[in-house]
Amino acid sequence: MSVPPSPPSYPRATAAVPELPPGSELVMRVMPMPADLNGNGDVFGGWLMAQVDLAGAVLPARVARGRIATVAVNQFVFKQPVYVGDLVSFYARVERVGTTSITIHVEVWVERDPADPKLVKVTEASLTYVAIDARGKPRPVPLD
C-alpha cells in the first residue's frame, strides 16, 4: 500500500494581524472584483458598506440567538480606498447589548501587495441591530 504524496507547500506572504481592541474577532474575509468598482476605479463605497453590514451581523445573530435586523448605522468612516486584488478582512466586537438591541463596532483591514504584504485599515463603522421575532417585531435579547 502506497502513501499518497503530500500536497505542495507554498510560501505564505501575509502581513501580521493588526492590533485590534480586546474582544474583536475576524468575522468575514472577501476579495472585491472588477464589477465592484466605481467610476474612479476604486471599489464602490456602497459595496463596502454592504459587506460591513453583512460582517457586522455575525456577532449579534449569535448573541440574539435568532433573527436580527439592522436598525442604524451610527458611524461609518472611509479612511483609505479599497482596490481590486485587496484581501478585505472584517473584524467585529460587541460594544453594547441593550434590551432588544446590540451595537457592533467593525474595523476593515486590507492586505495588499502579496509580494511585500502590507496591512491597511480602510474603514471602521458602528452599527446597531435589533433582535426580532418571526413577525419582525422587536424581542428581548437573551440574558445568558
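The structure is a predicted model, in which local features need pLDDT of at least 70 and side-chain atom pairs count only at pLDDT 80 or more, while totals for chains, interfaces and linings use all residues. Residues are numbered from 1 along each chain as its sequence is written, and side-chain values use heavy atoms, with hydrogens and water left out.

The chain contains two helices and five strands; these are DSSP runs numbered from the N terminus, with helices being H or I of at least four residues and strands being E of at least two. Along the sequence, the elements follow the pattern β-α-α-β-β-β-β. Of the 144 residues in the chain, 37% are buried, where buried means under 20% relative accessible area, exposed means over 50%, and partly exposed lies in between (1.4 Å probe, protein chains only). Among the contacts with a separation of 6 or more, 70% are made by residues 24 or more positions apart, a contact being heavy atoms within 4.5 Å.

Helix α1 covers residues 45-56, twelve residues in total, and spans 16 Å from its first C-alpha to its last. This is close to the 16 Å expected at 1.5 Å a residue, the expected span being 1.5 Å times one less than the number of residues. Within α1, the buried residues are W47, L48, Q51, V52, A55 and G56. Viewed down the helix axis, they fall within an arc of 165°, so they line one face of α1; the arc is that of the directions from the helix axis to the C-beta atoms. An α-helix has 3.6 residues a turn, so residues three or four places apart point the same way. The buried residues of α1 pack against β1, α2, β2 (68-78), β3 (87-97), β4 (101-112) and β5 (118-131).

Attention now turns to charged side chains. Side chains of opposite charge can pair when their charged atoms come close. A salt bridge is counted when a side-chain nitrogen of Lys or Arg lies within 4 Å of a carboxyl oxygen of Asp or Glu, and by this rule there are nine salt bridges. One of them joins R62 to E25, with the closest N and O atoms 3.1 Å apart. R62 belongs to helix α2 (residues 58-64) and E25 to strand β1 (residues 25-30), so this pair ties together parts that are 37 residues apart in sequence. R62 is exposed, at 51% relative accessible area, whereas E25 is partly exposed, at 31%.

Another salt bridge links K118 and D116 at 3.0 Å; K118 is partly exposed at 38% relative accessibility, and D116 is partly exposed at 45%. R135 pairs with D133 at 3.7 Å. Here R135 is exposed, with a relative accessible area of 68%, and D133 is partly exposed, with 22%.

The side chain of R139 does reach the backbone oxygen of I132, at 3.0 Å. Leaving aside residues up to four places away in sequence, R139 touches A64, R65, G66, R67, T99, T100, A131, I132 and D133.

Terms used: Polar contact = N/O pair within 3.5 Å; in protein donor to acceptor, adjacent residues only side chain to side chain.
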